[in-house]
Amino acid sequence: MSHALVQVLTPAQLHSIGEARPRQGVRTQVLALGGRTVVVKWQRPKRFALGYRILSLLAWLARQPSLRGIPPHGGAETQALELKRLRELAGAGVAVPQLLHVASDYFVMSHASGLDLASLLPRDPHLMRQRWNLGLQFVRDVHSRGQYLSQAFARNLIVGAEGIVAIDFEDDPLSVMTLVAAQSRDWLAYLHSTLWLLPRLEPWVMQDLANTLQGEVADLRQCLGDAARRLGWLRHFPKARRPWGRDLISLQALAALLVELEQRTSDLN
């Protein structure tokens, strides 16, 4: 995918975008313009900060900085932030949508064709390991370039013919935490959003994760080890989906894997 930062759309195409402006509350549009598909992201109002404050409180209680909530923004501030992150990632060689046009209240980018990894993982058990490793390697490659994703959930990793393209950069973890914590946050997001889809007892899950993390810097591996010690108790929560829901089930899977990873690392040392 090309990483040119901005290309100019024709006046006729920009007029089409204005004519297609969605009703209030709809933020993202997928439009066909001049034979290609584009994504238009409109500004939205400032978000309510309660979720951010709750997450920050949990991070403080667990002494886990990578879980800290990112201050919510909105309007021009969020648009400017996402444009900044798209440019930084593209400049580092990370596969992200290509910016096509920037206006005062919206911007246009290329459409990442394909299916998100969360949808693909359960589709074919024979390809599950290969696809999960594709995500592992993508996150690892982002970090090797000195970058981070923030929203590294499987739903934001679009798998196409050329590999994975990452989307959704409306917040910036580096504004409230270190680079190592932000990269650790990527791993927690990726694992939290995929582990519940995998056959937990398969030995390749731990094997492939451990092999991938060997390529990360020692400080980041230490940060994940700290997460294992702080979050490990979650695996002892009742495993019934109700009343807790899928999110807790996913957190339990994450906590169990992190503890197993930490034990494995300790045994090797």
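Helices α5 and α6 are roughly antiparallel to each other, a term applied to angles over 145 degrees, whereas angles under 35 degrees count as roughly parallel, 65 to 115 as roughly perpendicular and the rest as oblique. The axes of α5 and helix α6 (residues 179–194) come within 10 Å and cross at roughly 170°; axes are lines fitted to C-alpha atoms, for helices over the stretch in contact, and angles run from 0 to 180 degrees between N-to-C directions. The structure is a predicted model, in which local features need pLDDT of at least 70 and side-chain atom pairs count only at pLDDT 80 or more, while totals for chains, interfaces and linings use all residues. Residues are numbered from 1 along each chain as its sequence is written, and side-chain values use heavy atoms, with hydrogens and water left out.

The secondary structure of the protein amounts to nine helices and seven strands; helices (H or I, at least four residues) and strands (E, at least two) are DSSP runs, numbered from the N terminus. Of the 269 residues, 49% count as buried, where buried means under 20% relative accessible area, exposed over 50%, and partly exposed in between (1.4 Å probe, protein chains only). Among contacts in the protein with a separation of 6 or more, 69% involve residues 24 or more positions apart, contact being defined as heavy atoms within 4.5 Å.

The contact is made by Met-128, Arg-129, Trp-132, Asn-133, Leu-136, Gln-137 and Arg-140 of α5, together with Trp-204, Val-205, Gln-207, Asp-208, Leu-209 and Thr-212 of α7. The α5 and α7 crossing is right-handed; a crossing is left-handed if the near helix is turned anticlockwise from the far one by less than a right angle, and right-handed if clockwise.

Asp-208 lies in helix α7 (residues 203–213). This residue counts as buried because its relative accessibility is 6%. Apart from neighbours within four places in sequence, Asp-208 is in contact with Arg-129, Trp-132, Asn-133 and Leu-136.

Four strands form an open sheet in the order β1-β2-β4-β3, with antiparallel pairing; two strands pair if DSSP finds at least two bridges between them. Strands β1 and β3 (99–102) are the edge strands, each pairing on one side only. From one strand to the next, the twist averages 25°. Helix α1 packs on this sheet and touches β1, β2 (36–42), β3 and β4, its direction making about 140° with that of β1. In general, strands of a sheet pair through backbone hydrogen bonds, either parallel or antiparallel.

Within the sheet, β2 and β4 run antiparallel and are joined by five bridges, with Val-38 standing opposite Ser-110 in β4. Strand β4 (residues 106–110) pairs with β3 in the antiparallel sense over three bridges, and a hairpin joins β3 to β4 through three residues. In this pairing, Leu-99 stands opposite Met-109 in β4, and the bridge partner of His-101 in β4 is Val-108. Strand β4 is mostly covered, five of its five residues being buried.

Helix α3 (residues 75–91) has 17 residues and reaches 25 Å from its first C-alpha to its last, close to the 24 Å expected at 1.5 Å a residue; the expected span of a helix is 1.5 Å times one less than its number of residues. The buried residues of α3 include Gly-75, Thr-78, Gln-79, Leu-81, Glu-82 and Leu-83. The cover over the buried residues of α3 includes β2, β3 and β4. Just after α3, Gly-93 takes a positive phi of about 90°.

Helix α8 (residues 218–231) has 14 residues and reaches 20 Å between its first and last C-alpha, close to the expected 20 Å. Its buried residues are Leu-220, Cys-223, Leu-224, Gly-225, Ala-227, Ala-228 and Leu-231.

Val-26 is located in the loop between α1 (11–19) and β1 (28–33). With 27% relative accessibility, Val-26 counts as partly exposed. Val-26 and Trp-42 are 16 residues apart in sequence and 8.1 Å apart in space, C-alpha to C-alpha.
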